[in-house]
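Please open the structure in a viewer and follow the stops below in order. Each stop names a selection and describes what is found there.

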Amino acid sequence: MDFGPAEGLTEQYNEQLFSIDKKICELLNQRKKISKNNSILPSEKVISSLADEYRFQEEYLQVLFATMEIENKFEPTVVPVEFRKYLPILKSIEHEGMMYTVSFIRQYANASMVYLYLDWDEPNKDTFDNSRSPDFFDLSIDDTYVCHSDGGGGIPGHMSYSYVVSPALPDDITGIELLFKESGGSFTEIPTGKGFEFSIELG
């Protein structure tokens, strides 16, 4: 995702702001290290207190902190090249009438493709029941791998999602754990502890 500088605005940059901007980035980095891979959004009480103390609108601070939590959405996505082989998985878990399945992994020279399938009983095969339609899921493994959603779609009763994992997973995937967390969508986050999450151990 590329958000280039607005035309002409960078020419008006006040160099006296540089030391402040550098400090902001330093603090963001410290915050990321402390929170690691966990979502740590301030509570409404904390947001309200900070807004009062520093004279900001609460909505502005909510957007600011939410943006900190989606840093991974802006990382460059690796494009898989040179298909090598399939790794059969076929592992499932069931939760509240929903079946979650990882059937196989595609191995490429520079990345892996993980596929997640969701199936549920949908009485009306013509339209989605919004009360039962599943949400988006983020995939994570560990600090070794970067995982990006590669899109998804489906029909009533069935959804599928694909993920690019880089670098490529080893052909011997024994002991590797795939962690799926309900995220809410590409640019919306579900508060910590609210979304469903599950893991599938490979091998």
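Angles between helices run from 0 to 180 degrees between N-to-C directions, and the axes are lines fitted to C-alpha atoms over the stretch in contact. The model on display is predicted.

**First stop: a pair of helices**

Select residues 44-54, which form helix 2, together with residues 58-68, which form helix 3. Their axes lie 9 Å apart, and the two helices pack at an angle of about 120 degrees. Helix 2 is therefore oblique to helix 3. The crossing of helix 2 past helix 3 is right-handed.

Now display the side chains at this contact. From helix 2, select Ile47, Ser48, Leu50 and Ala51; from helix 3, select Glu58, Leu61, Gln62 and Phe65. Of the residues in this contact, five are nonpolar, two are polar and one is charged.

Which strands form the open sheet, and in what order? Three strands build it in the order 4-7-8, with antiparallel pairing. Select 137-140 for strand 4 and 197-201 for strand 8: these stand at the edges. Each of these two has a single partner strand, so one side of each is left without a neighbour in the sheet. On average, and with direction ignored, neighbouring strands of this sheet are turned by 20 degrees against each other.

Conventions. Residues are numbered from 1 along each chain as its sequence is written. This is a predicted model: local features need pLDDT of at least 70, side-chain atom pairs count only at pLDDT 80 or more; totals for chains, interfaces and linings use all residues. Side-chain values use heavy atoms; hydrogens and water are left out. Helices (H or I, at least four residues) and strands (E, at least two) are DSSP runs, numbered from the N terminus. Angles under 35 degrees count as roughly parallel, over 145 as roughly antiparallel, 65 to 115 as roughly perpendicular and the rest as oblique. A crossing is left-handed if the near helix is turned anticlockwise from the far one by less than a right angle, and right-handed if clockwise. Contact means heavy atoms within 4.5 Å. Ala, Val, Leu, Ile, Met, Phe, Trp, Tyr, Cys and Pro count as nonpolar, Asp, Glu, Lys and Arg as charged, and the others, Gly among them, as polar. Two strands pair if DSSP finds at least two bridges between them.
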